[in-house]
Amino acid sequence: MKIHRHLWIIITCLSITLGILIFFGLFQEEKISYNQEIRPIFNAKCITCHGGVKKSGGFSLLFREEALDTTESGQPAIIPGHANESELMRRVRHHDPEMRMPLEAEPLSEKEIDLLRTWINQGALWEDHWAYIPPHENIPVPPTDQPGWAQNDIDPFVYARLQEKGLQPAPEAEKDVLLRRVSLDLTGLPPTWEERQQFLQDPAPDAYEKVVDRLLASPRFGEHWAAMWLDLARYADTKGYEKDLGRSIWQYRDWVIHAFNKDMPFDQFTMEQLAGDLLPHPTADQYIATAFHRNTIANDEGGTDDEEFRIAAVLDRVSTTWEVWQGTTMACVQCHSHPYDPIRHEEFYQAFAFFNNTQDRDIYNEQPKLFTYAEENEEQVATLINWIEDRLKTPPSNSSETLLHDHRNKLLYQLGYRKVEAEEFDKSSRFIELTPPDQESVWQIQDSSWILFRKVDLTDIEAISYRYASPYSGRIQVRLDSASGPVISQTRISHTGKPESEEAWSQWNTKKVSITPTAGVHDVYFTFGIDRHYTSDLFRLDWIFYHEKHPGWTSRGNHFQEQVMKLEQVPAIETPIMRERPPAEKRKTQVFTRGNWLTPGEEVVPSVPASTGSLPAASTPYNRLDLARWLVSPENPLTARVIVNRFWEKIFGFGLVETVEDFGTQGTPPSHPQLLDWLAVQFRDTHQWSVKKLLKQIVMSATYRQASHTTPEKLAQDPRNEWLSRGPRIRLSAEQIRDQALAVSGLLSSKMYGPSVRPPQPESVGDWGTSPGEDQYRRALYTFWHRTNPYPSFITFDSPGRNVCVSRRIRTNTPLQALVLLNDTVYFEAAQVLAEKMQAFDSESVTQRLREGYRMVMLREPSEEKLKSLEKLYQAAIQHYQQPTKPNSIAKPVSTRIKTTQVEVKDHTSPEFLALTLVANALLNVDEFITKN
């Protein structure tokens, strides 16, 4: 009995122990991660038919509440905790191919089925995607067993990953290689030979840091980094679509350069671009910043619906904003819920509502616009205003609260000088266009067409004058409040030159016509009609002038009148900007059914996708400024990560998240997730959104300073340098390649800012109109960006057309690129200048001249092997050109080039010069010149 009793006690104890073990989960199955193990199965095999686009059988896997909801069969497909009773499990294991899921595809593997079964039995719990969870504020820096290698806290994160992969970091790059690399990365330009020598001879431990600080302070820094941002902003100098007429928006490009150069905090950089007009007392620069979203393409083709293309622009602004700041692909959500990410169809239109209340409306003249002045003209306008107000005894206005052009307009209006540019109408009938290319007069005036000016005060107006040109004749009527309203004035316009001659279009007349006395403020319609000729273009209208009965500007003598007219004639620079409509004209935003603007659905108000957070509570409707502030708030999980990743990608060639445009579930997961989050918090909190501090931290790291050469073993383990086991080695951008060629040849102009320029390009392109003088040699950033006909060499080297936002340029390697470097006017001319310098080098030795040429281009000494190759090329070329039967076709004219060398080269057709040109041409074509290593 004692034995049995002892046995019973032992069994009881074991049972209790087993129960405790089970209670504490020691025998539980390993917890299944939805993000790591289940979501990839759903995204790859299921969500195409059961997601945001389609919900076959009434079943969707996009959100947990939808996945657990009742399907069309009347039963839920997933029953948490009961895999064997879940229809999902029955269908993925079904023996009948017509019943088994996924339909008409390979069945799930046993491993995948087991994962699903376990996950459902564990409760079918969803997890937020990693990118939608804000980064932790206190991420510890990993310990490292190589403290001597690390230069800053970036390096331990990288080293820990290398250790996981069985890799070791590369040694530090040679000083001249590192100098060229960091110069190209921070300014987009190579160092000079003098800068190289100074760095190589500086033994100080902070020699490299001094170089970095110098480059960050260089005005070239802003030019280089602006190019990246202009891709995102889809900046161009034309409007796009069929006509692709010019757009004066270069002041936005200059604003971006200034912002990077003065290290504007990125949160301010964000707010000014998305909502600068909504800031208290916005400055001219803050208005110009809002041109970020006026870079959308605009359709000037006759007969198009302005509202349709206004909506198209707003749709683009939503997609662009979420791609740039959130790394989120929103375009597809216009038509349906996101196929893969937790963003609902209606949430797209809640985002749309932020941008749906601006004044722009796809009209030809691109209103609203900001009018500013060039520096010299701004001083003249201010002087004239002060002179006139002093004569009027007007108290000086607070200029800090008034834009100068607005101040000028208000003063002219008070004086009764009421001249209105005809092309600045508020609305027009279809087919009204503006005269190309300058768009400074109304064109395509047809029978029954009209232009509208809103809220015109006609009190005391006794006449109206017109400036017009036409080889025909026509009629103008002035109507009140509608195109068919009461007529208060009408006149016949006669031809200005020989009837039906083209010359007449450039011969302008003015005509003054009385009007019926009319009091009050009205919408004024100028309607146009035929006279004797029926044509599609009756006449052109330049300006309209409202004559008051007793204008103040005519009562103070001739000199006063001259000063008033001079003030009106000072040319202004126009820039399309964002402006909010007044509350009384606020638009209603509705969901577009299947993305069709002609089938509006339920009304929505501004908000953000719930998966990425929420806006703070507010007593008034949200606007663009609220959105901008939320984007750069600590609560936003994406912005800091996305922007840090963009800068990292530009430095290393690949982002920590390779799909820089897509941080969603279909994007590539981060290679170094802890480093990404740590850098994001550093950028936002430690650096207070300082771009220069972030970039300095990156380029000061040992990770960045590694040599780019590798071994076969390391190449096999890390072929794309994903784990950062060596320094970056990537092909330069289109802009960098061109700028570098101009820089090493000495042709590059240091001139900054101003209207875009037109450097030389192939004759086959057509009537391009090459800019004169040094404007031919400006940095590539300033090249006129023509959307439908981009600069050919840029496109060849993978620059975008900029019709839409472009987050990354996919690098290609094609034979056309070599042909551009050999034959394009810019590169050939650079080669000629290099040949001049080699020929002028103080040495009779060909070898020394070739050595000097290599040093000028590559900024280092050539190896003996490379020098022998150059000598061989030179000798072959000079033998070729010494043969009298061979045409010296390489000697192209260079008469338009500014002088770049101190020594005059007398003969550009000598065999020696031609051979040196060929050598220089080859140097500009080699891989080590167009590659950063």
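Trainee: Where is S448 found?

Mentor: S448 sits in the loop between β5 (442-443) and β6 (450-457). Element names follow DSSP runs numbered from the N terminus: helices are H or I of at least four residues, strands are E of at least two. The model is predicted, with local features requiring pLDDT of at least 70 and side-chain atom pairs counting only at pLDDT 80 or more, while totals for chains, interfaces and linings use all residues. Residues are numbered from 1 along each chain as its sequence is written, and side-chain values use heavy atoms, with hydrogens and water left out.

Trainee: What is the phi of S448?

Mentor: Most residues other than glycine have a negative phi, and most peptide bonds are trans. S448 is not a glycine, yet its phi is positive, about 75°. D263, also a residue other than glycine, has a positive phi near 55°; D263 lies in the loop between α11 (250-261) and α12 (266-275).

Trainee: What is the strand order in the open sheet of five strands?

Mentor: Pairing of two strands requires at least two bridges between them in DSSP. The order in this open sheet is β3-β6-β11-β8-β9, and the pairing is antiparallel. β3 (427-428) and β9 (487-493) are the edge strands, each pairing on one side only.

Trainee: How many bridges join β8 to β11, and how many pair β8 with β9?

Mentor: Strand β8 (residues 474-480) is joined to strand β11 (residues 521-530) by seven bridges, and the two run antiparallel. Q477 stands opposite T527 in β11. β8 also pairs with β9, over six bridges in the antiparallel sense, and R475 stands opposite R492 in β9. The β8 and β9 hairpin has six residues between the strands, and in this hairpin D481 has a positive phi near 70°.

Trainee: At what angle do α14 and α20 pack?

Mentor: Axes are lines fitted to C-alpha atoms, for helices over the stretch in contact, and angles between N-to-C directions run from 0 to 180 degrees. Helix α14 (residues 306-326) and helix α20 (residues 639-652) pack at about 75°, and their axes are 7 Å apart. α14 and α20 are therefore roughly perpendicular (angles under 35 degrees count as roughly parallel, over 145 as roughly antiparallel, 65 to 115 as roughly perpendicular and the rest as oblique). E323, V324, W325 and Q326 of α14 make the contact with T639, V642, I643 and R646 of α20, where contact means heavy atoms within 4.5 Å.

Trainee: How do the axes of α28 and α29 cross?

Mentor: Helix α28 (residues 825-840) and helix α29 (residues 846-858) have axes that come within 9 Å and cross at roughly 135°. That makes α28 oblique to α29. From α28, L834, K837, M838 and Q839 meet R849, L850, G853, M856 and V857 in α29.
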